[in-house]
Amino acid sequence: MSGKKYQKVAVIGLGNVGNAVAYGLVNQGLCNEVLLINRNKQKAIGIALDLRQSIEYMSRNMRVWAGDFDECGDADIAIFCVGGAAPKSCDRNDLLVGACEMVKPLVEKLMASGFSGHIIVVTNPVDSIAYYIWKLSGLPASHVIGTGTALDSARLKCFLSEISHVDPRSIMACSLGEHGNSQFIPWGAAFIAGTRIEDLVKRNPEMFDMPKGDFTYAEMSAHLLEKVKKAGWKIATLTGYTCYGVASAALAIARSILRDECSVIPCSVYLDGQYKLQDVFTSTPVAINANGVQDIFELSLTDDELNEFHESVSVIRSSIDKCKKYL
Ligand SMILES: NC(=O)c1ccc[n+]([C@@H]2O[C@H](COP(=O)([O-])OP(=O)(O)OC[C@H]3O[C@@H](n4cnc5c(N)ncnc54)[C@H](O)[C@@H]3O)[C@@H](O)[C@H]2O)c1
């Protein structure tokens, strides 16, 4: 970190997600200063006023204001929450071209301010946009983190909790690869109380409350993967957007950086040889501290899972190849 006595976070894009992120920063008291940047500045001013007037009931005082990129030079973290129209299909990669055009001038302005902190990317398609922002920024790869499958992993734990009745925070499980339709779940790394979920299901199926009664382990794992993949679309069908899940994921990453916590979170980072993958952003569990990505954990995967990982990354790569045209 910079060694200065205060911590500052810039939220870029104040739509559904940016608004939830800004509220979370204030509600969790994560930093001293929150700078809100939005294309429509009036909206950012309004949100800043509303948040400032909520300080009375928060755990600490903070400065919250609407500003611009020239105030980002001493920020510790910039969180990219900009976005455009929702995807017409159930594929986030449809957002790619619009997202590249949107973020390029913003990253240029951010870096022109002298910014040398960490960037957390929420903007979809998050894996390739994290790669694109990393390239544009010139920052060390350890300073750019996409939320990736942090959200999908939280959803997976939520669904496992619903059928096992165990607190999701006591379940260890994650989804890896693309934050999108090609993600997969490495079940060998899914545990409750130190016991593999696969073994629990086989030994004690009555512990799991599946919608259709009798079920096999293979059916349960396939059912949960489909549920995780469709979770965002289900919410968006009901509300028009999703915001709290991904905002919570972005805030967990920010908290681990700001408090130097070294929490392990599955998120989208630059791989350099892990899983025999290179020059790509994708999700695997990583330890995050004040220096950004401290350790990248390479899980023991079966041959089938490794193939699934490589197939998922090939989807991200084709999106990254398109991004490169906009560098
Ligand atoms: N990674 C994830 O898991 C995840 C989950 C949900 C949403 N998202 C993504 O987050 C992004 C935002 O979603 P949302 O629902 O908040 O969208 P939104 O349309 O509600 O908000 C987008 C905001 O970005 C602002 N913006 C657009 N261009 C800008 C610019 N040039 N400068 C400054 N601000 C600009 C808009 O004014 C708007 O306030 C989208 O890309 C969405 O797909 C990602």
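What covers the buried residues of H2? The legends below take up this question in a predicted model.

**View 1. Cover over the buried residues of helix H2.** Helix H1, strand E2 (33-37) and strand E3 (63-66) are among the elements that cover the buried residues of H2. Those buried residues are Ala-44, Ile-47, Ala-48 and Leu-51. Seen down the axis of H2, they fall within an arc of 100 degrees, so they line one face of the helix.

**View 2. Helix H2 from end to end.** H2 runs over residues 41-52 and has 12 residues. At 1.5 Å a residue, the helix should span 16 Å. The C-alpha atoms at its ends are 16 Å apart, which agrees with that expectation.

**View 3. The shell around the ligand.** The ligand is surrounded by 26 residues. Gly-13, Gly-15, Val-17, Gly-83 and Asn-124 are the closest. By class, the shell holds 13 nonpolar and 12 polar residues, plus 1 charged residue.

View 4. Helix H1 (16-27) and helix H3 (96-112) each give at least two residues to the shell around the ligand. H1 gives the most, with 3 residues.

**View 5. A cis peptide bond at Pro-125.** The bond from Asn-124 to Pro-125 is cis. Its omega is near -5 degrees. Most peptide bonds are trans. Pro-125 sits in the loop between strand E5 (118-121) and helix H4 (126-137).

**View 6. Positive phi at Asp-260.** Asp-260 is a residue other than glycine with a positive phi, near 55 degrees. Most residues other than glycine have a negative phi. Asp-260 lies in the loop between helix H8 (244-258) and strand E10 (263-272). Is Asp-260 buried or exposed? Asp-260 counts as exposed, because it has 12 C-beta neighbours inside 10 Å and the cut-off for exposed is 12 or fewer.

**View 7. Positive phi at Asp-279.** Phi of Asp-279 is near 55 degrees, again a positive value in a residue other than glycine. Where is the place of Asp-279? Asp-279 belongs to strand E11, residues 278-289. Asp-279 has 12 C-beta neighbours inside 10 Å, so this residue counts as exposed.

Note on methods: Residues are numbered from 1 along each chain as its sequence is written. This is a predicted model: local features need pLDDT of at least 70, side-chain atom pairs count only at pLDDT 80 or more; totals for chains, interfaces and linings use all residues. A residue is near a molecule or strand if its C-beta atom, placed from the backbone, lies within 6 Å of it. Helices (H or I, at least four residues) and strands (E, at least two) are DSSP runs, numbered from the N terminus. Ala, Val, Leu, Ile, Met, Phe, Trp, Tyr, Cys and Pro count as nonpolar, Asp, Glu, Lys and Arg as charged, and the others, Gly among them, as polar. The expected span of a helix is 1.5 Å times one less than its number of residues. A residue is buried if 20 or more other C-beta atoms lie within 10 Å of its own, exposed if 12 or fewer, and partly exposed in between; C-beta atoms are placed from the backbone. The arc is that of the directions from the helix axis to the C-beta atoms. Two residues are in contact if their C-beta atoms, placed from the backbone, lie within 7 Å.
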